[in-house]
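Here are my notes for you to read alongside the model. Keep the viewer open and click along as you go.

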Amino acid sequence: MSDLKSALPGARFDGFATVEETGLRGMVTLRGDLSSKVLAKAVKAAVGAGMPQSGQVSRGDKGLVAWMSPDELLLVVAHDLAGDIVVALNDALKGEHALAVNVSDARAVFRIAGDHAAEVLAKLAPVDLSDAAFPPGSFRRTRLAQIPAAFWRNEDGSFELVCFRSVADYAFGILSKSAMKGSRVGVL
Amino acid sequence: MLTLQCPYCGVWAEETELHAEGEAHLKRFGPGSDDADFESYLFMRENPKGVHFERWRHSHGCGKFFHAARCTMTLKVFGTYPAQTLEPPQDIKDRISETYPGWTWRNFK
């Protein structure tokens, strides 16, 4: 077995909010008919979470399920679970028009934490991140400066952000720049 | 700056999260069609000052194509609707008629 490494192991920046790379994370892209009961059951069995509403994540004992588009979910779990989950999903979805792919190693994950974490993202993405518009459990696929990214808000108010691994360095760079001490806009 | 609501994910997306994909409701003429039809399908586009129907893609979001009806002069948006249709929905046509009675666009009115 090769020595698995995340995109930027241990990367961390402390500004008015903290930006850190969270290490290896399991991610499974699941496409299919989201109204299908078979698919909902398979997701429940895999992650322990129900189907998320549009623009939301739902949480289970093994991880969370994010609503990516009208026919796509992202299952976020521990890194070593992803392979087994793909096998289990393919088994459970036999005969359904669906596709499950392990994309864990194509992605990088960052956590943005601190009282003003929302402001770090609000400078980079065209999204209303006020508490009212983006409460914990909200999920959004969008643009982070020049790259595609997706993020959700945790119960503790911190954000977790997923982007392509190939642009992890760029993402960490702009997030750190955005979180620099003294650069708060003071709105969020 | 345009802000359009994606009819698939409900997100109010501003222009930089979207990609303009040209005119909506084009009828494709492929192999076997006559030259005039093919030429008009490939090259002839509306360029109105006023009501226009466009195709957009929520490229940095859910990735779906949708249609938007708007005014090119005032940037007023009359509405967005899913792309799986040959014609704009009646409620959007009614909304355009409120602002521009008697409007026409290709064969819609």
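1. Let's begin with S36(A), which is buried at a relative accessible area of 11%. Here buried means under 20% relative accessible area, exposed means over 50%, and partly exposed is anything in between (1.4 Å probe, protein chains only). You'll find S36(A) in the loop between β3 (26–31) and α1 (37–47) of chain A. Helices (H or I, at least four residues) and strands (E, at least two) are DSSP runs, numbered from the N terminus. The side chain of S36(A) reaches the backbone nitrogen of V38(A) at 3.2 Å, and a polar atom of that side chain lies 3.1 Å from the backbone nitrogen of L39(A). For reference, a polar contact is a pair of N or O atoms within 3.5 Å; within protein, one must be able to donate a hydrogen and the other to accept it, and residues adjacent in sequence count only if both atoms are side-chain atoms.

2. Before going on, some ground rules. This is a predicted model, in which local features need pLDDT of at least 70 and side-chain atom pairs count only at pLDDT 80 or more, while totals for chains, interfaces and linings use all residues. Residues are numbered from 1 along each chain as its sequence is written, chains are lettered from A and ligands numbered from 1 in the order in which they are written, and side-chain values use heavy atoms, with hydrogens and water left out.

3. Now look at strand β4 (residues 51–57) of chain B. Five of its seven residues are buried, so the strand is largely enclosed by the rest of the structure. Which strands pair with β4(B)? Strand β3 (residues 19–23) of chain B does, in the antiparallel sense over three bridges, and so does strand β5 (residues 65–71) of chain B, antiparallel over seven bridges. Two strands pair if DSSP finds at least two bridges between them. To see this on screen, find A20(B), which stands opposite W56(B) in β4(B). Then find V51(B), whose bridge partner in β5(B) is C71(B). At 0% relative accessibility, C71(B) counts as buried. Here's one to remember: in a regular strand the side chains alternate between the two faces of the sheet.

4. How many disulfides are there over all chains? A search of the whole structure finds zero, a disulfide being a pair of cysteine sulfur atoms within 2.5 Å. Take C9(B): it is in no disulfide, and the nearest cysteine sulfur, that of C6(B), is 3.7 Å away. C9(B) is also buried, with a relative accessible area of 11%.

5. On to the charged pairs. The count comes to 19 salt bridges over all chains, where a salt bridge is a side-chain nitrogen of Lys or Arg within 4 Å of a carboxyl oxygen of Asp or Glu. One of them joins D3(A) and K5(A), at 3.2 Å from N to O; D3(A) is exposed at 62% relative accessibility, while K5(A) is partly exposed at 48%.

6. E72(A) and R141(A) form one, with their closest N and O atoms 3.9 Å apart. E72(A) lies in strand β6 (residues 72–77) of chain A and R141(A) in strand β9 (residues 139–144) of chain A, so the pair ties together parts that are 69 residues apart in sequence.

7. R106(B) lies in the segment after α2 (90–99) of chain B and E46(B) in the loop between α1 and β4 of chain B, so the pair ties together parts that are 60 residues apart in sequence. R106(B) is partly exposed at 40% relative accessibility, and E46(B) is partly exposed at 32%.
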